[in-house]
Amino acid sequence: MSKVLIIDDDQNIRTLLRVVHEAGGYTVTEAQDGNMGVREAQKNQPDLAIVDILMPEKEGIQTIHELKNSLTDARILAISGGGRKGEAGFLQLAKKMGADEVLAKPFGVKELTETVQALLAGRR
Amino acid sequence: MGAAKSIQHWLRKVAGIHHPGLNDEDEAAMEMAEGLESTLTALPPTKGRLRRPLTKDNFEEKLWGFLTAGDELTAGSVQLVNLMEVHERFTRHWGRIGEMVHMLVQMIISDHLAEDDVYIRLREHSYAIVFPGLPLPEAESKCAYIAAKISHYLLGTPMETSDDRLQSIAFALDEAMLNTGDSLHEAFCQAVEKAENRTAPSPTTGSVGGAAAQPEGPAFVEMAAGEPVADCLLGSDAFEEYLELASADTGAGCVGGMQILDIDAVQQRYEAYWDRIGEQVMTIVQMVIEDHLSKEDRYTKWEGKSFLIYFGKKSPDEAKKVCHRITREITKLLAELDSDADRLAVDHTILDLERTVIVKEEPHLPQIKRLLGEKMSGGVERVKARPPTKIWSSDQADAVPLDISFSYWPVWYVRRSVITTSVCLPAKQMPDGRTRYGHGLLGKQVNLSSLVELDEKTLQRTCEDMSRMFENGRKALIVCPVHYYTLSKPDGRKRYMTVCDNIPEMVKKYLSFEVVGLPGEISPVFTREIVGDLQPYCRSVGAQFPLNRSSFGNLAGTGINLIGADISDQLLPESKIMRLMEQFVSGAEGVKMEAYIRGLHSISLVTSAVGSGFDYIAGPAIQEDSPSPDYVMRFEAEDLFSHLIARQKMEISEAATG
């Protein structure tokens, strides 16, 4: 059974992602910021990390960079709705910094599950 | 009453339709009150914030940004909104309503601008709008809609009718503008002129739009088309000339009453918001003054804070009484403006407005002439006050005994993904191996002399490098830091201004100053004085503040247009810095200024700075001792992080081996 780590400061998003992925048969763990996410990843070695970009404490770009250093085998999916001005192009940046796939918020459940399945299939 | 109808209603009223049974004065007061009330409540709401037209300097800077944005070089378009039709319609009353009309037009334009679009007021009655991301056909459609909306509100045409009387086709943003030897603004104006000549309106489209087409009918048109009345607001020369003529007519000196209406206190009261509502306040004051003048009266602006009013056929006592009526009226209308404070985000401080407009008597022509003369000669003397000295020889520059080098730091313009400019920072390798920048290299022994020396040398070096770049056919915008402490002391400022006097003209166009260490509680007047001294030597002035500052109200109207923070020495946890960055940017946006941040030392902080909405962020040094920065260029997003990633990898590697 594949393990999915969700790193997002928004409780609602975490809950939504947990429900969707548990329904799909994955084992899910959560973290509410980058620091906790990196610790959780080192502890549980997930197959996939879903990382929000803008979070307090340690944000997504730094988190992705650190996950890439510590989890050589895991896939990373970056999700973001952009910054206050929405001009940052965070998702392109996340891809350049090591994310395997990106999704812009808001996204649909179907789009999410298909992306996750494709990422995990590629891993195998 | 709909907004458009209400505005036309007000325009008709101030245009002179009379109500039977009222004397002129009562009627004027009633019309003015009704007009202002309906206008303030009926103006169409701006969807976003009201964006004022850019100043010449800011516009030039934006153009530069558009034109140097790589592959978008020729994508943008420029459109012209011409208000001549509106002006011709309301010629008689333009002095009274002109600025209000402009404000309405600006609100409508603001509502249709995308984030990157900008506009500028050109000449008396036109606006140029730059749509940097739109090709000509789309820009034309957008401008046609703006013109139709203006026409609907001001001329009464149906909204669905396309009104090409107000819109001129313009031109595509063009690389050719970059190649001109003139300033960008001049090149832009030439391009506008060329486009206007190319698309001069035909006789059929150039008319006032046909009186018969106006829904308000012939009566109003007839009045508006009546004999023009001379504008009663005169320039100081014309005002003096008018007094001379009045004096010659009577042969007995200047008869009539002369009053000074001092609005300094009004300006101070709205100081923090002057850039947003100053024009509106001044319009109100002028409207009230004009409403109380008869055809023999004239007035002029007096050093920006007062109005000098000449009442041709009134005794000084009568003139004083009228002036007091004007005062009361202004007070009442400003109170209405205050009641609209929430919409304008003005602090609701209650003041006794009756006391804020001061009336002074100034009865005779000789005194006026003396004052006018003093004003002019004072300006000349001030310019002559500093003897220029040549200090650009490198020998002299090297004679400054500070043992420092210089480092250029790129400043990324986040929204357009370009390196927009570079900061020239003095740098010094310390005994412990660390490099210190700015005044940090002076250690704890900072005194006025050493700081001035540092600032002088930084400016000299900046100008030398820029001159060298220009000689090699390259251009770049450079920021030169200067300490507030240097500028706040008479000796320091004198020394620094002496260096400024020798800045080559070409350099001035591409040089920005960054005032470092401006105190939080500094008087806006003193800030304006400092900035005013720097402005003739540069294209813009910014200021650096501590990151924990989030209120910049006292900078409005001081001439500072960019505010930033350096966080290189911040020892706070990253999450706290992130929150402070959010607040800092919100504060900057509150006074409509752009914000920059320097000294970002982790990936998280760089991303957070971008996410917080900083317009500019300063990256790593281009090289340790750069002879000159390169030409403005695009950057790749990962460049922002490359040095941080390299450092992090080194730390991980050291930790693993150590």
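In chain B, B:Asp533 and B:Arg493 form a salt bridge whose closest N and O atoms are 2.8 Å apart, where a salt bridge is a side-chain nitrogen of Lys or Arg within 4 Å of a carboxyl oxygen of Asp or Glu. This pair links distant parts of the chain, with B:Asp533 in helix 20 (residues 524-534) of chain B and B:Arg493 in helix 18 (residues 490-500) of chain B, 40 residues apart; helices (H or I, at least four residues) and strands (E, at least two) are DSSP runs, numbered from the N terminus. B:Asp533 is buried, and so is B:Arg493, buried being under 20% relative accessible area, exposed over 50% and partly exposed in between (1.4 Å probe, protein chains only).

The model is predicted, so that local features need pLDDT of at least 70 and side-chain atom pairs count only at pLDDT 80 or more, while totals for chains, interfaces and linings use all residues. Residues are numbered from 1 along each chain as its sequence is written, chains are lettered from A and ligands numbered from 1 in the order in which they are written, and side-chain values use heavy atoms, with hydrogens and water left out.

In chain A, strand 4 (residues 75-80) is mostly covered, five of its six residues being buried. Strand 4 of chain A pairs in the parallel sense with strand 3 (residues 48-52) of chain A over five bridges, two strands being paired if DSSP finds at least two bridges between them. From strand 3 of chain A the chain crosses through helix 3 (residues 60-70) of chain A to strand 4 of chain A in a right-handed β-α-β crossover, that is, with the strands pointing away from the viewer, the path from the first strand over the helix to the second runs clockwise. Strand 4 of chain A also pairs with strand 5 (residues 101-104) of chain A, in the parallel sense over four bridges.

A:Arg75 is the bridge partner of A:Leu48, and A:Arg75 also forms a salt bridge with A:Asp100, the closest N and O atoms being 3.5 Å apart. A:Asp100 lies in the loop between helix 4 and strand 5 of chain A.

Helix 3 of chain A is largely enclosed by the rest of the structure, because eight of its eleven residues are buried. Between chain A and chain B the buried area is about 1900 Å², meaning the accessible area (1.4 Å probe) that two parts lose on being put together, summed over both.
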